[in-house]
Structure formats: C-alpha cells, structure tokens
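Here is a friendly walk through one model, meant to be read with the viewer open. Take a look at the sequence and fold below, then follow the notes.

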Amino acid sequence: MTEIVPPGHVLPVAIESPRHTGLGALDYLSEQPLAPGTLVLAPLGKREVPGLVWDGDPAAARTTVTLRPLSGVLTALPPLPADWRALIGFAAGYYQRGIGELALAVLPPELRKLDNTRLARRLAKLMKPGGVALAAQTHEAAAPDGVLSPRPTLSDEQRAALAALADPARTSRPVLLHGVTGSGKTEVYLHAAETALQAGRQALVLVPEINLTPQLEARFAARFPGRVLASLHSALTPAQRLRNWLLAHLGLADLVLGTRLAIFAPMPRLGLIVVDEEHDPSFKQQEGARYSARDLAVWRAHQLKIPVLLGSATPSLETWQRVQEGRYQRLPLALRIGGGAMPTVRMVDMGRAWQHASTQAEKDRVLAPVLLDAIGQRLQRGEQSLLLLNRRGYAPVLSCSACGWKSGCPHCSAWRVFHKSDRTLRCHHCGLSERVPRACPDCGNLDISPVGRGTEKLQEQLAALLPQARIGRIDADSTRGAGSLQQQLRAVHDGEVDVIVGTQMIAKGHDFRRVTLVAAVNPDTSLFSSDFRAPERLFALLMQAAGRAGRDAEVAARSEMWVQTSNAGHPLYAALVAHDYEAFARQQLAERRGAGLPPFAALALIRADARSAPVAQAFLQQARIAAQAFEGITVYPPVPPPVAKVADVERMQMLLECPSRTALQRMLAQWLPELDAMRGQHKGLLRWAVDVDPLAI
Ligand code: ADP
Ligand code: ZN
Ligand code: ZN
C-alpha cells in the first residue's frame, strides 16, 4: 500500500478542548511551515477552535487519516516561545488539564477577537518610538510632588539577603525572604529587580491581591523611572490586559506586576521572579485549571535558571518544610525597619470578659469592656484602631424566637445573612437577596431577631458606644463601587477615620501609619475547622493583622494586638503572643507529619456536582472502586464539603492521598480518563473536576 502524503505541511496543533475529550494535539495541514507557538484557527467537527502549533512531530500513523487544513493563522503575533510552552506543558500535566485547554485559557481573551490586520496595527502602535508610556509618566501616584523618593541605605540584613541572591552558587535554590511586615522585604525586591534590569532582563512580581497592585506599582514606578512597567490582573479591561500582555511578550515591558494569572505571561528576557506573601491562598486558582502560581513560579525559575524570591512573614508550611530540608534557602529579615517592635498581643478571655454584664444589651456587646476602653484611649490620643471580624453583614442568621425558624437559603445549605442597611436577607453563596420578612414565614410571630454578629452590627454598636468616634467599615459590601476601596483607604490614611471595622480585606498589605490597636473580634471559629489548613491561615492572618499596628517606630512601643477568644490557652495563640512563627510551624508540622498530611503527603481532590447528592455520591463511589487498582494511594470515602448545596447544585468531594507526589501524578493520569468514561452512566451528574494540591478541603 502506498502511503498518501497530503500536500503541504503537517503540524501538531494543541486545540482548545478539555483533557477528557482525549484530544491532545491534533494534526492539521498548513500551506506554509509554521513555528511552534503560532496561534491558529482549526476546524473541529463543524466548529472552528483556536489552537497553538505545538512541539513534536506529527504522528506518522495519522497520515492515513484525511487531515484538514487550518482555517486561519495569526501571523502578526510572534510565536509563544519555547520556555512558555514548556511551562504550559508542565502545568497541564501536573494539574491534569489539556495542553490546549490550559494554553488558551491563560492567553488574553481579547487576542481571539483580532485578525492579523488589527493585531498588526496594535503592535505597530506599541513598537513605534514613544508608543509605550514609561513608568513615571503612567503612574502619577509614583511621585506625588514630582520628586523621586530617596533610596534608603540598606540594613545589614537587607544587604546580606541581596549578597546571597547575587551569589550564583546559592541561587540555584529558591529563596525564602522571611520577615515581618515592615522589615524591608519590598526594598529587597526593588534591589533584586534593579540587578535584573541592569543585566538587561525582565522581572516578574506576583502579589496576592489586585487591591495591592496600585500601591506596589507606584513604588516600582517611582524607583524605576524610564522603565516600562506592565500590570496583569483580572480587574483590567480586556484591551488593557491585551496591551500589557503584549508588552510582556514582545519584551517591551521591563517589569510585570500582577496577580496569579501573570505567572503565565510570556517574557523573553525573564531574569527574576518575586512572589510576595507567598503563603497567600489566592495564588491558587480555584476553578478551571486549578494551578498554584507560587509553585509554578518555582518551577519556571528552576527551568530558566533564574532566582526566585518568595517573601512572607508566615511562610506556607510547604515552603517552610522545604527550608528545613535545605531545598530552599531562608534569608531572614528579623528586624523592623526603624526599630519598630511588633505589637504586644493581649488575649481577652470571652468567658470572663462578660461576667459582669447585667443587662441583655451588655451581654450582646461584640467587644469586651476592656477592649472598648483601650479603643477609647486611642481615640483620645488621636490614634487609629482596626477591628477585624470575618463576617460581613449585620448578623449571620435571623431566627424566630417562637418556632425556631432560621433564615436558611432555599437553594443552598447555608444561612442567609441579615443586612440591616438595606433590610435584606442575602445568601453569600448564590447571591439570592430578599427583603426581610415582617413576621416569621413559618408561624407568623413578629419577633424574629438577628443571631450572631457581623461587621455592620459591630459598626452600629461602636457608633452607639463611642459617639465621638468616626467609624469606617471596609468589607465586600462597602467597597462594591469602582474605586471605592481606594477612596476608603485614602480616608484612613488621611486620618478621617478613627476606628476601622472590616473583614480580612483590611489585614492585607495596607500601610496604615497611625494604627496602634488591632483587634481580632472572633477568630476562634477557625481553630476547630474541618479543614486542616485553617489554623495555618488563621495564624498568618493574625500575624499580618498585627503587622498593621505600629509600623511607625515612634508609636510601635504602645501598639497592641487584641484577640477575643474562649481558648486563650491554645498553642496557636501562645505562638502569636510570642510572635513565634517557628514555634507555630514546628507544632503544626509535627501534627501534619503524624497525620500524614501535606507537606508530608500529596493530595488530590475530586469534586462532583449533581442535581442530587446521591448521584454525585454514586459517581465518586464508582471512581473509588476503580481507584483500588492502584497501589499506595489512599482514597477516602466521598463526603459533602462544608457548604454542600449551592444554587441548587449538590456537591460532593473525595480525597486522594499518597506519600509520593510522582506516584499520585502517575495514578491520576491513568485513572482520570476512566472517570470520563464513567461519566455517561450517571444521569444528573453536572460536572466533575480534579484539584491537585487542593488548598481548601
Ligand atoms: P515590607 O515589604 O517587609 O513590609 P518595606 O520594604 O515596605 O517592608 O519597608 C517598610 C518601610 O521601610 C518602607 O516605607 C520602606 O521604604 C522603608 N525602608 C525599607 N528599607 C529601608 C532601609 N534600609 N532604610 C530606611 N527605610 C527603609
Ligand atoms: Zn416562627
Ligand atoms: Zn443561596
């Protein structure tokens, strides 16, 4: 039989299709030779899908199949480079996604809308002299008075950290820059970036929160006038995102600052990666391809043989364990710049604090009398206080005193939260919002009342108890409008607010100079969570919140962090009082080792969504039986997550555990296709997904 070789070039193309379709790269015909990394349009069935010419040889056996020609080629875009394709290839394999699926998901969506002519026009605009605005011009915030901030003289610790970074023999290992808020980590990032830029390289800086990017951008822009700075995060308009991505890809941007998605920015001259607040859970993508930008940063840096700098006051226990094993290098910044001390931590025993309350109103108070006094003292001295309560709304639930009715959500296994400001009951899971009923829907009783406390209630109580105080509230409700968070933060900076009430939003990164008291109002709930990472998150949050107080050395001496608790003796709080991260990490790691949990084991979580719980359960059960063929993997029985039903969808999850990361990888690669095959047997199953290295369990 003579082989029919089709005319033209046969190319493997990674198309946009989920892993479970089994379509990795497909072969297509092209009239012209195309470099790997070229963006194309390919026919698939009756549709046309975007794809990327991929590496490797077309499968010879497939020449017997009639190949279809590509329907379009975006020649105007320079091909995505080899190191980018390697990153995508690794991430797709590790997180169990299709290559094309992941690759196309991380490209700017706007790219698909452009044809060659329009793209070429945009590129020409960027490339022409003066087409790219320089840092100092685009960021007026950088130099408010037109003067550049002077460079501080580095501290001994900062110098030592930079010397270690500059030593090529030592940078083969990832570096953990371990220092509390205000210890000068950002200054080290700036210097490390400068070294990279001077060597003609690009630097990539990842931060956990979009809200933190303007602040950081301003600092980098002020330090590097004349350099091109591009930010990448999900709050950009599609056009801005495309523009900044192109700046990175074309090598025009010297600095790229962004949230987790920026880890996939193609950067031809990349010479440094910084991950600030590396412990932050938001570096893990929670839907679609569930990747960890922090972990991919480490992989990418290793691949390129460039330094990667992970910064944190409370490193993730994964990172900390790698430091213990000598795989990462720890560079400490033990002292706060200017000699500011960490605040004194004071525990308020909730049991005792309310002992002398006689009236119901006193018993209902969210803050203990001693804490309220301490806030009053701040007020008199013109200092600010910051109160942290991780629950927005007025009260987490409304309840009927006669029949016990509670404000449940009809579509979710969750309570609807009472928002007093607009008198609504709102579900924070599905968004259902209704006016508060005038009487109990079950028995007609008029006496339905809020149970528990949220930020609105705390704000209301404070206003009554401290009538002379100006009280601000910062949470997802108060910051809904565009720019409203920045506006509220500015009010805090300008001293227009005495007491700030808020959710964990306010604990992160913001540099409040006049705060001398920080209080965690009700942190205990995280101590006994079913999620084994809850204590780690709580400790990081409290340390970070404590870091908000006393950033100025002159007020540091009288700065305090208050914790209201019923478990004052808990080891987590003992470590907090001593500002002893290492003690906390030691205790937690011992527990994790004993329980065979990360970082001593690798985990994967299978999630299944269905119209009814038994369907999701049956699917996972069948998957579990199939998993028994693999040795060395523990597969736990399917269980509902803490909030099982959301918007009428029932969810179930099943945990896999294995001492070896690679063994788990191999198992997943073989087992997951079986799940796809089973899928059709379970009517009512909406979707399933795998989460490798899940953060929330
Ligand atoms: P971190 O990132 O650890 O919170 P920063 O780098 O933001 O710390 O430093 C805290 C403050 O101290 C900033 O205002 C910064 O400009 C200043 N700073 C940093 N390093 C020095 C230094 N060596 N000398 C004087 N001020 C410094
Ligand atoms: Zn009732
Ligand atoms: Zn709901």
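## Ground rules

A residue counts as buried under 20% relative accessible area, as exposed over 50% and as partly exposed in between, using a 1.4 Å probe and protein chains only. This is a predicted model, in which local features need pLDDT of at least 70 and side-chain atom pairs count only at pLDDT 80 or more, while totals for chains, interfaces and linings use all residues. Residues are numbered from 1 along each chain as its sequence is written, chains are lettered from A and ligands numbered from 1 in the order in which they are written, and side-chain values use heavy atoms, with hydrogens and water left out.

## The zinc site

Which residues hold the zinc ion (ligand 3)? The SG atoms of Cys409, Cys412, Cys427 and Cys430 coordinate the ion at 2.3 Å. Donors here are N, O and S atoms within 2.8 Å of the metal (3.2 Å for Na, K and Ca); water is not among the atoms, so sites may look incomplete. The angles subtended by the four donor atoms run from 108 to 112°, so the arrangement is tetrahedral. For four donors, that label requires all angles to lie between 85 and 135 degrees.

Along the chain, the donor residues follow the spacing C-x2-C-x14-C-x2-C. Cys409 sits in the loop between β15 (397–400) and β16 (417–419), and Cys430 in the loop between β17 (424–426) and β18 (433–435), so this pair ties together parts that are 21 residues apart in sequence. Helices (H or I, at least four residues) and strands (E, at least two) are DSSP runs, numbered from the N terminus. Cys409 is buried, at 7% relative accessible area, whereas Cys430 is partly exposed, at 29%.

## Aromatic pairs

There are ten aromatic pairs in the structure. Rings of Phe, Tyr and Trp (its six-membered ring) pair if their centres lie within 6.5 Å; planes under 30 degrees apart are stacked, over 60 edge-to-face, and the rest tilted. Phe90 and Tyr94 make a stacked pair, with 5.7 Å centre to centre and 25° between the planes. Both lie in helix α1 (residues 82–94), four residues apart, about one turn of the helix. Phe90 is partly exposed at 28% relative accessibility, and Tyr94 is buried at 10%.

Phe220 and Phe224 form a tilted pair, because their planes meet at 35°, with ring centres 6.2 Å apart. Phe220 is buried at 0%, and Phe224 is buried at 5%. Elsewhere, ring pairs join Phe90, Tyr94, Tyr95 and Trp299 into a cluster.

Key. Four donors count as tetrahedral if all angles lie between 85 and 135 degrees; four count as square planar and six as octahedral if opposite donors are over 155 degrees apart and all others between 65 and 115; anything else is irregular.
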